[in-house]
Amino acid sequence: MLSFAATVLLDGVSYGMVLFLISVGLTITMGLMRVVNLAHGSFAMIGGYTAGYLTQKGVNFYFALVCAAAVAGALGGIAELTVYRPLYRKGELSQVLLTIGLVFVVTAVATEMFGAFPYPMVFPDYLAQPVNIGFRTYPAYRLFLIAVGAVVAAVMWYLIDNSLYGAKLRAAVDNSKIARCVGMNVNILFTGTFIIGCALAGLGGAVGAQILSLEPSYALKYVVLFLVVVIVGGEGSFKGSFIAAIALGIIDTLGKYFVTQAAPYLLYAAVFVLLLWRPQGLMPSKAAG
Amino acid sequence: MTALNRDEPVAAPPATSFGAMTSGRSWLALVGHALPWAIIIVFYFMAGGYLSLGTQVLIWILFALSLDLALGYAGIVTLGQAAFFGLGAYAAGLFAIHVSPDPILGHIAAVLIAGLFGLVTGAMILHTTGVTFLMLTLAIVSILFEYANQARSLTGGDDGLQGVKIDPIFGMFEFNIFGETAYVYAAVVLFIWFLISWRIVHSPFGRSLDGIRQNARRMRAIGTPVWWRLLAVYTLSAAMAGSAGALSAHATRFVGLSVLSLLTSGIVTVMLILGGTRRLYGAFVGAAVYYLVQDATARISPYFWEFVVGLMLIATVLFLEGGLLDLGRVGRRLFDRLRRRPDPT
Amino acid sequence: MKKWLAGLSAVGALVTAIGSAHADVVKVGLIADFTGAFATWGTQFQQAVDAYQAVNGKSVKGPDGKEHEIQFIYRDNASAGPDKTKQLAEELVLREKVKFLAGFDLSPHAMAVADIATQAKIPVVIMNAATASITRGSPYYVRVSMTIPQHVVSLAKWAYDNGIRKVYTIVSDYAPGYDAENYFNKTFKALGGEIVGSARTPQQETNYAAYMEKVLQAKPDALYMFQPAGSPSIAFVKSYVERGLKTAGIKLIGTGETQQLFLPNFTDDVIGVVTAFHYTETNTNPENIALKSQLVKMFGDKAVPDIASVAAWDGTKLIYQAVKELGPNADGAKYVDFMKGKKLDSPRGPIMIDPAERDVIQNIYIRRVEKRDGKLVNIDIGQVDMVKDPWKIDNPPKSN
Amino acid sequence: MSAAPVLSVRGLCKNFGALIVAQAIDVDLFAGARVGLIGPNGAGKTTFVNLLTGFLHPDAGTITLDGLSIETMVAERRVHHGLARTHQINTLLVEMTVRDNVAIAIAEREKFAWRMMRYKPQWRACLEEAQTRLDQIGIGAIGDRIVRELPYGQQRLLEIAIALALKPRVLLLDEPAAGVPSAETHHIHDVLSKLPKDIAILIIEHDMDVIFRFAQEIIVLVQGRVLRRGVPAEIATDPEVRAVYLGRTVV
């Protein structure tokens, strides 16, 4: 029984970590820039494809991950400077539409380049094998996911709480107007944060490729999932999204385990109720509240 | 008063300055009104095998029109419009199967059900705004979709609703594969809804909606019950979308799961934005153009149309907020600027 | 990119294009998804048709001794709903005056054209849509592809004959999945086997960890999967190995998941999976050789034939023979009558059109995935001869 | 002047977390009253207006309008009971014409703004009344202009015009001249001086000259508390008030 609980926990957390890795960028950018960025998943996908392509070409796995983050981040930066900038002043609608447009374009290009089929990603053998973790054998890959997620979370945590960058970030999230007034160069902060967010998404897309499999429809397919994490966690709330992601992962796993006749609308129903109860999410950042 | 009358160049009045369209003073406005309907009528005789394609366009125009009321005029940013379209479609289909094959009755039933659903959900979520509201609408449409997918016995799941039989309208005009009936039926329904919408958006009610979109706080300060007004238009728009859904169910004698998909919401929004919001005719242009582009590009290369639609969206948001119907004004402004530029000698 | 731009210029022409039916041209309207999630079906259909026409010429000599061109007109369902299918079909029938309709990758799409086929008396050659009941929808339906029960029943039999007694089934949560689950369980129980557990997974599921845990605890001899080709089935197999089911000695059996077309996307985990299917890409039938070589010749080494290619090949062949026999302007019903009971040498092996049900009767091959000179391939390890769709046997047509 | 106050506020309290913005405020406004509300920035003046008009809800206290207690009422209902306001920062329908801005307010006042059908004559009447009201405050010439294109001063006047169009019995003016170039302020003051005599008016203003010219009574608000109240003369000479305005904190 205990081992079962542990297994469910591991499964849930590892899944949640993927969601967290990809969503954390979104939550910060949405909290910071107030942009409903439905295209965020595209950057995760770009990272995934990059890593997939490289690993298939025999490039070292970890180097491939770095590249994935780099490429996603770079493209993110370009996108921020070109199409996102004008969005900051516009309403949700424009933001939704433009980012959906972006998704379409990326999807089309991805299909032209990599085909409509799911794109395989080569993991090092020691990750592909189950390992013995005392009470049972367990996929090394999922342990790896948890490790990566934990590291990133820790680093983010430190950055946001203890660094000047973090301080600026929190200030700007709480009130970008004031941040501007006190002469903080918000533009650079925005671009930088956006790049980091996309890079993380790229990383998440790459390492998570086995759970959220790579295909052109990726961005559209999972965007709701990412949004749920962000909104439920509370826009701009880093801790909130972490909790939301892990919770989502565990709930999802439990659901599959006990309600084998999957009822997918339960997730949405839950979100619906929660948002009516706490329209600002679990942990609203001051600005949102 | 001189001090206050610092005169500034009067730009072309935006679509929301009333009287601009109400008083069809310029013959141009009249042509503008006649043209779309003339095209719809002419198409009927020219279409040949493309008539059912035309019917589809008409249905999507009505759908986009319903969105224009909520999103365009009242500024309710929703991604859940497909919920009403789909509900209307399934209602009409199931009504035909289980209750009565009469199209008119079925249509009315569908409109009522969709409207009621709009009323209930609207009452639940309309106090929220922005992203939260967006997510709530998204959740609603997703819930319906998943439910319809699961309730196979009722909806046929992803096989769609089979065996919908519809009586001839007034017992005279039967729905056949040539689709004349469906086309005229759709055109008439569209026209009725258009008249209603036209009346509404130029009524005090419509103006107050426009006010709410521009500045809800101001409207409360003059005593507007904002929530009630929004609820009213949301319900109306839902009923209209339901009507469009009923049309599609009757026209194709089939209801597919896709009517409830998020993509359907997305597409109708794209159409509206493409054509231009707060003009009513924007829906016409948007739906037609969208279908044309999709039809044309899809034949060239897989994914090409997705690519193009994506670009169109980005371009519209960045450079053409008024939608295609705004091209004229944008062009004029550009032209003026070019003309004003002093020649470089 | 380039071809897109080139295409742009063609748009205008296409839009205004008006199909006019010449007397000696037999038009066949092929509707399938060429874009969106199911895009591969359309391309596979089209390539096979082109291949067939390249081998057998674009025209047939009719009974009147004249050469009649067989012209295929392709319409993209764009992975949109059946309402779109319906509209395309009407357009093809009324505008293009097609004599046959063909294609249809998804069942709902095929079902949606029943009215049109019946009202306009147009034979519909179904090249995939595998829901058993479809062919009852209109007397003009003729199916050359398969039905799910055909596979599943054969698989269940094979499993029992090979000493498997306890099976856990996991199917995808949509219509074909239900058919699969239903027929596997029924057949296997009837033989005396035991179903120790069943689960249904969301259609686009890719995270199977929890399900595998349950299977592991149920300790069956084999795990039967019915998962959509592509990411779900790949993730499924991955998870099956990861979770140590393979090492626990639980066999993985399925039907369409391991088609040659998809194998490159799998890792070696998939080796040893046993499936029952109506087409083994590696078979050496002359027709299959012809199809494969022609595809490679026309579309390069990457072109791999699959059930779509095979069905399109056979469907085209059927239409050619019908026109050859009855000429270009016969009544739709006549064409259908001709096709009833027809026997064909298909790349998959011998097939026959059920005279009563207008549905395909064919061998089902049991294959195991193995690695031959560095490539994952399906190897036949057995076959069930001339399987008639079990659903039809269970649901005899109501006499009305 | 009638005995009973049109608007009477008792023990009004409000705080945001630790920050106290209204502390047991009592105010009475009689018909035709002209009361000035002054105080340093952050004293809670605008908050007080928001509490009265229902854009904020008090933690404690009662607000009575013509004997009807309205503190639980939503903002829009209070308007219909005769309580109108202007905003410190222009809050207008910037995409509409000036006339439409006023006409809509009139439509709401006349309770037919929900009409979808059969509205033509009433609406015409609204437009006409709107025009006359614009004329009255001297901006009739710009009735057809889009608000967004107007200079700030004219927008301030429009704020007042809209409030007046609601035929209020109590009018709360939140710094009507704020942000207007001093060269233009006199127009606004003209308008203020011509406001209907029977309306009870509470005005927030920083410009002391205006206040002392306009108000019969002045209330000094500091940190959400009424520090002093009295006729302008007293207030002007009150040392504590001076202290506040010199920025020294009051114990």
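Contact here requires the C-beta atoms of two residues, placed from the backbone, to lie within 7 Å.

## Basis of the model

This is a predicted model: local features need pLDDT of at least 70, side-chain atom pairs count only at pLDDT 80 or more, and totals for chains, interfaces and linings use all residues. Residues are numbered from 1 along each chain as its sequence is written, while chains are lettered from A and ligands numbered from 1 in the order in which they are written.

## Chain D overall

Chain D has nine helices and 10 strands. Both are DSSP runs numbered from the N terminus: helices are H or I with at least four residues, strands are E with at least two.

The C-alpha atoms of chain D fill a box of roughly 60 × 40 × 40 Å along the principal axes. A compact globule with 251 residues would have a radius of gyration near 18 Å; chain D has 18 Å, which agrees. That radius is taken over C-alpha atoms, and the globule rule is 2.2 Å times the number of residues to the power 0.38. Of the 251 residues in chain D, 49% are buried. Buried means that 20 or more other C-beta atoms lie within 10 Å of the residue's own, with C-beta atoms placed from the backbone; exposed means 12 or fewer, and partly exposed is in between. Among contacts in chain D with a separation of 6 or more, 66% join residues 24 or more positions apart.

## Strand β8 of chain D

Strand β8 (residues 200-204) of chain D is mostly covered, with five of its five residues buried. Ala200(D), Leu202(D) and Ile204(D) point one way from the strand. Ile201(D) and Ile203(D) point the other way.

β8(D) pairs with two strands named here. Strand β3 (residues 34-38) of chain D runs parallel to β8(D) over four bridges, and Gly36(D) has Ile203(D) as its bridge partner. Strand β7 (residues 170-174) of chain D is also parallel to β8(D), joined by five bridges. There, Leu172(D) stands opposite Leu202(D). Pairing requires at least two DSSP bridges between the strands.

## A helix pair in chain D

Helix α5 (residues 152-165) and helix α6 (residues 182-193) of chain D pack at an angle of about 10°, with their axes 10 Å apart. α5(D) and α6(D) are therefore roughly parallel to each other. Roughly parallel covers angles under 35 degrees; over 145 is roughly antiparallel, 65 to 115 roughly perpendicular, and the rest oblique. Axes are lines fitted to C-alpha atoms, for helices over the stretch in contact, and angles run from 0 to 180 degrees between N-to-C directions.

From α5(D), Gly153(D), Arg156(D), Leu157(D) and Ile160(D) make the contact. Glu184(D), His187(D), Ile188(D) and Val191(D) come from α6(D).

## Chain contacts

On chain B, 31 residues are in contact with 39 residues of chain D. The largest share of that side of chain B, 11 residues, comes from α8(B). The side divides into 14 nonpolar, 10 polar and seven charged residues. Nonpolar means Ala, Val, Leu, Ile, Met, Phe, Trp, Tyr, Cys and Pro; charged means Asp, Glu, Lys and Arg; the others, Gly among them, are polar.

Chain B also contacts chain A, with 32 residues from chain B and 31 residues from chain A. Chain A and chain D do not touch, and their nearest C-alpha atoms are 13 Å apart.
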